[in-house]
Every structure is written in structure tokens, then in C-alpha cells.
Amino acid sequence: MMKLVLKVELYDNKVKTKAMKAVSGLSGVESMSVDMKDLKMTIIGEADPVTVVGKLRKLCHVEIVSVGPAKEEKKEEGKKEEKKGGEEKKKDPKEEMADIIKAYEQYYNQMRQPYPYHYYYRVVEEDPNSCVII
């Protein structure tokens with residue numbers, strides 16, 4: 001279940017009913033509500049946000065405010081994240097920076113290997129195709 005919040009410019013009830021008919025006809029839409037005061041439309045279901053916005057743009061100007069899980073799933077996930085957050089050991093910012101610097105130094109030293117220099121020169125007398133201006 002996803003919750004899609006859109007900012008729509010609905011200026012009267014006629015456009016509002018057209019927008020609601022257009023969105024309710026899409027597959028995956030379970031519930032929807034429109035707040036005329038804040039000009040926001042909330043859609044709950046498995047509908048693709050791109051198709052919903054595409055349908056509504058034919059009727060009015062639409063902006064996506066947020067796309068995320070519905071409230072029921074959000075509460076359960078929040079509790080799980082809190083438990084995980086308590087178990088993890090937080091590092092000091094200085095230690096994190098030291099780890100990053102060590103990793104960078106290892107990468108930099110790996111990439112910075114000396115290349116053997118090869119010098120090549122031509123002698124004018126040996127090369128018949130060369131030209132010398134005196």
C-alpha cells in the first residue's frame with residue numbers, strides 16, 4: 001500500500017469531479033480524498049504515481065508532494081527501525097572520518113604507482129625522412 005499526496009489546482013467542483021472520476025478509474029486505487037482548502041489530493045493504493053499524474057495533468061496542474069507507505073505500515077516499520085537503532089553502536093564522528101581517510105589513502109596509494117619513463121629520440125643522420133633547416 002502506497003500513499004500518494006498531490007497538490008492539484010482545482011478551482012471548482014466540476015473539475016474536482018472530473019479529476020476524481022479519472023483517478024478512480026485507474027487500477028490499484030483503493031481510496032482517495034480531496035481537500036479543497038489545501039488543494040491536495042490523497043490517493044491510497046498500488047497505483048503508479050506516474051500514470052495518476054499523467055491522467056490528472058490533462059485536467060489541471062499537478063505537483064507530487066510525497067510518495068510513501070500508508071500509515072499502517074509506517075507505524076510498524078518505525079518500531080522496527082527504533083529497535084535496530086538501539087542495537088547499533090554509534091561511532092564518534094572523528095572515528096568515522098579516520099576510517100574514511102584510511103580508505104582514501106589505500107585507494108590513492110593503489111592508484112599512484114610510478115610509471116617507467118621511456119625516452120625516444122631520433123638522430124637526424126640516421127633518419128632519411130627528417131628535415132633540418134640550417
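This is a predicted model: local features need pLDDT of at least 70, side-chain atom pairs count only at pLDDT 80 or more; totals for chains, interfaces and linings use all residues.
**Ground rules.** I number residues from 1 along each chain as its sequence is written, and I work with heavy atoms for side-chain values, leaving out hydrogens and water.

**Overall layout.** I looked up the secondary structure and found four helices and four strands, taking helices (H or I, at least four residues) and strands (E, at least two) as DSSP runs numbered from the N terminus. Along the sequence they follow the pattern β-α-β-β-α-β-α-α. Of the 134 residues, 19% count as buried, where buried means under 20% relative accessible area, exposed over 50%, and partly exposed in between, with a 1.4 Å probe and protein chains only. The accessible surface, from the Shrake-Rupley method with a 1.4 Å probe and, for residues, only the protein chains shown as cover, comes to about 11700 Å², and 53% of that surface belongs to carbon and sulfur atoms. I also noted that, among contacts (heavy atoms within 4.5 Å) with a separation of 6 or more, 64% join residues 24 or more positions apart.

**The sheet.** I traced an open sheet of four strands in the order β2-β3-β1-β4, with antiparallel pairing; two strands pair if DSSP finds at least two bridges between them. β2 (29-35) and β4 stand at the edges with a single partner strand each, so one side of each has no neighbour in the sheet. On average, neighbouring strands are turned by 15 degrees against each other, direction ignored.

Helix α1 (residues 13-24) lies across β2 and β3 and runs at about 165 degrees to β2, while helix α2 (residues 49-57) lies across β1 (2-8), β3 and β4, at about 25 degrees to β1. For these angles, which run from 0 to 180 degrees between N-to-C directions, the axes are lines fitted to C-alpha atoms, for helices over the stretch in contact.

Is T42 buried or exposed? I find T42, in strand β3 (residues 40-45), to be buried because its relative accessible area is 19%. Not counting residues up to four places away in sequence, T42 touches K3, L4, V5, S31, M32 and S33. G68 is in strand β4 (residues 62-69) and, with neighbours within four places in sequence left aside, is in contact with M1, M2 and K3. The C-alpha atoms of G68 and I44, 24 residues apart along the chain, are separated by 9.7 Å.

**A surface patch.** M97, I100 and I101 form a nonpolar patch on the surface with about 290 Å² of accessible area together. Such a patch takes residues with over 30% relative accessible area and no salt bridge, and joins nonpolar side chains (Val, Leu, Ile, Met, Phe, Trp, Tyr) within 5 Å, like charges within 9 Å; a salt bridge is a side-chain nitrogen of Lys or Arg within 4 Å of a carboxyl oxygen of Asp or Glu. I101 lies in helix α4 (residues 93-111) and is partly exposed, with a relative accessible area of 43%.
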